[in-house]
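Open the model in your viewer and keep the selection panel at hand. The stops below say what to pick and what you will find there.

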Amino acid sequence: MQSLTNRSVVVRKREMSFMEKLYLPAILGGMALTIKHLFKKKVTNKYPEVKRIFAPIYRGVHVLKRDEQGRENCTACGLCAVSCPAEAITMVAAERKQGEENLYREEKYAATYEINMLRCIFCGLCEEACPKDAIYLTDRLIESKYDRKKFIYGKELLVEKIDERIDISKRKKNYTMA
Amino acid sequence: MMDWSIIIEKSILVVVLFGVSLAIAAYSTYAERKIAAFLQDRIGPDRAGPWGLLQPLADGGKMFFKEEIIPNASDKFLFILGPCIFMTTALMTSALIPWGKSMNIGGREISLQVANLNIGILYIFAIVSVGIYGIMIGGWASNNKFALLGAIRASSQMISYELAMGMAIIAILLTSNSLNIRDIVDQQEGFKWNVFYQPLGFLIFIICAFAECNRTPFDLPETETELVGGYHTEYSSMKLGLYLFAEYTNMFISSAVISCLYFGGYHFPGIDSLHLSQNVAALVSVAVLFSKTFFFILFFMWVRWTLPRFRYDQLMRLGWQVLLPLAIVNVLITGAWLTYFK
C-alpha cells in the first residue's frame with residue numbers, strides 16, 4: 001500500500017536490554033521527575049480569596065443594562081427569547097405609565113423577565129439579537145443552590161443596580177468586532 | 001520498690017510511644033495529601049487551620065460522626081475483631097524499637113526502648129504476620145466478594161513477600177550475630193551503616209516493606225479501581241478509620257525498622273565529637289532516628305505518586321521469581337564472605 005504521508009513509522013517490538021529489565025534506572029528517573037514537581041509553581045487558585053482572571057470572551061451570567069440616566073434599556077421586544085436556542089428566556093411586556101419615564105427608556109418595558117440558568121447554554125445569541133443594548137453576558141458566575149427553582153433568575157437578579165453598574169466594555173468590544 | 005519504679009518508667013514510655021505513634025499516623029495522612037498535591041502541582045488541604053494543619057483532626061472528627069454500619073450478612077464478632085487485631089498489632093511493634101540512647105534522670109539509667117528482647121527482630125516479624133489476620137478476618141467477615149478478594153490478595157501478597165523480607169534480614173543477622181535490635185543498631189555506630197554492606201539486602205527489604213504495608217505499587221488489596229475499597233469495602237465510621245490509621249502506623253513502624261536495620265538507627269556520624277551531656281545526647285539521638293524515619297515515610301509517599309500499581313501476576317512473579325532468589329543469593333554471598341574473608 002502506498003503511504004499518503006511520509007510520517008508513517010514501522011513499529012518494532014524490541015527485546016528489552018538487561019538494564020531496562022532491571023527497571024530501577026527507570027524508576028529512579030521517574031522519581032527524579034516527580035520530585036521536580038515539588039518545587040514547581042502551583043497552579044491552584046485559592047478560589048474564594050483569589051479569583052481566576054477570565055478571558056475577555058468569557059460568557060457568564062447575563063445582565064440587563066440601564067442607560068446613563070438609570071433607565072432600563074429593555075423594551076421587551078422578545079428577540080432574545082426568539083433567538084435563544086435553549087428557550088431559556090421568557091418575559092411579559094407592559095406599557096410604560098405616565099411618570100415612569102425615569103424608570104424605563106422606551107414606552108414598552110419588560111414587567112417580568114426570566115432566564116432559566118439551568119437551561120441557558122451561554123451561547124450569547126440573546127446578546128447578539130438585542131437591538132437595544134439591553135442584555136449582555138458578563139464574567140460573573142452562577143452561585144450554587146440547593147433548589148432548582150432558584151436558578152430561574154428574575155429581574156431582581158438580572159437588572160443591574162443603579163449604584164453598582166456592571167462593566168461590559170470588554171463584551172461590547174468583542175460584539176462590535178464580530 | 002525497684003519493680004514499681006521500673007513499671008512506672010515503662011508505662012510512661014508506653015503512653016508516650018502510643019501518643020507519638022498515633023500523632024504521626026494522623027499527620028501522615030496530612031503529609032500524604034500535601035505531598036500528593038505538591039507532586040501534582042497542587043496546594044492540597046489548606047482550609048482547616050494554618051496550612052491545613054488541623055485537617056487530621058477534622059478527618060478524625062468526621063470519622064467519629066459517620067454512621068456505623070455492620071452489614072446484616074456479616075459475621076458480627078469477626079467484623080469487629082478484624083480492625084481491632086490490625087490496629088493492635090500495628091501499635092505493638094513499636095515497643096521493640098530502640099528510640100534513642102539511654103537517658104540518666106536522677107541517677108537512674110532509663111533506656112528509651114520499652115522492651116529489649118534478645119529476639120527483637122523475630123518478635124517484630126511475628127507480630128507483623130499476625131497483622132495479616134486483621135485484614136483477612138475483616139475481609140472474610142464482611143461477606144462481600146470485593147472484600148474477600150481484597151483480603152485474599154492481601155494475605156497472599158504479605159505471605160509471599162515476608163519470605164523474601166526474612167531472607168534479606170538473615171543476611172543482616174549473619175553479619176551482626178544478634179537478633180537484638182539494639183545490638184544491631186549499636187554495631188552500626190559512626191558510619192558503618194548496614195546499607196553500605198548490604199545494598200542488595202536493603203533493596204529487597206524496602207521493596208518487601210512496601211508490599212507489607214500495602215503501599216503503591218503493591219496496593220492490590222485495596223485497589224479502588226478494581227475492588228471498590230478492597231478488604232475494607234464494607235467498613236464505615238471509626239472501624240474504617242482504624243484500618244486506615246493502622247496502615248499509616250504500619251508505615252511509620254516499618255520506616256523506623258528500616259532506619260534501625262540499615263541506616264544506623266539513632267546513630268549519626270560525628271555525633272560523639274560534639275561532647276554533649278548524656279541526656280542531651282539521648283534527645284539528639286531520638287531526633288536523629290525520627291528524622292531518618294520521616295525521610296522514609298516521605299519516601300513511601302514519593303514512590304506512591306511515581307509508580308503505578310502492579311498487575312497481580314507481576315506482583316507474584318516479582319516476589320517469588322525475583323526477590324526470593326535474589327535474597328537467597330544475598331545470604332549465600334554474605335555467608336561466603338564471612339567464612340572466607342573474615
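**Stop one: a helix in chain B**

Select residues 76–92 of chain B. This is helix H3, with 17 residues, spanning 25 Å from first C-alpha to last, close to the 24 Å expected at 1.5 Å a residue. That expectation is 1.5 Å times one less than the number of residues. Helices (H or I, at least four residues) and strands (E, at least two) are DSSP runs, numbered from the N terminus.

The model is predicted: local features need pLDDT of at least 70, side-chain atom pairs count only at pLDDT 80 or more, and totals for chains, interfaces and linings use all residues. Residues are numbered from 1 along each chain as its sequence is written, and chains are lettered from A and ligands numbered from 1 in the order in which they are written.

Now colour the buried residues of H3(B): Phe79(B), Gly82(B), Pro83(B), Ile85(B), Phe86(B), Met87(B), Thr89(B), Ala90(B) and Leu91(B). Buried means 20 or more other C-beta atoms within 10 Å of a residue's own, with C-beta atoms placed from the backbone.

**Stop two: all of chain B**

Zoom out. Chain B has twelve helices and two strands. From the N terminus the order is α-α-α-β-β-α-α-α-α-α-α-α-α-α. The C-alpha atoms fill a box of roughly 60 × 50 × 50 Å along the principal axes. Of the 342 residues of chain B, 42% count as buried.

**Stop three: the cores**

Which residues have the most contacts inside the largest nonpolar core? Select Ala164(B), Ala168(B), Phe205(B), Cys208(B) and Ile258(B); the core has 86 residues. Apart from it lies another core of 21 residues, among them Leu64(A), Ala76(A), Cys84(A) and Ala88(A). A nonpolar core joins buried Ala, Val, Leu, Ile, Met, Phe, Trp, Tyr and Cys residues through C-beta atoms within 7 Å.

Centre on Ala164(B). Leaving out residues up to four places away in sequence, Ala164(B) touches Ile204(B), Cys208(B), Gly319(B), Leu323(B), Leu324(B) and Ala327(B). Contact means C-beta atoms, placed from the backbone, within 7 Å.

**Stop four: a sheet in chain A**

Switch to chain A. Three strands form an open antiparallel sheet in the order E2-E3-E5. Its edges are E2 (89–95) and E5 (152–153) of chain A, each pairing on one side only. Strands pair if DSSP finds at least two bridges between them. E2(A) and E3(A) (residues 108–116) share seven bridges. Pick Ile89(A): its bridge partner in E3(A) is Ile115(A).

**Last stop: where the chains meet**

Show both chains. The contact takes eleven residues from chain A and ten residues from chain B.

Terms used
Two residues are in contact if their C-beta atoms, placed from the backbone, lie within 7 Å. A residue is buried if 20 or more other C-beta atoms lie within 10 Å of its own, exposed if 12 or fewer, and partly exposed in between; C-beta atoms are placed from the backbone.
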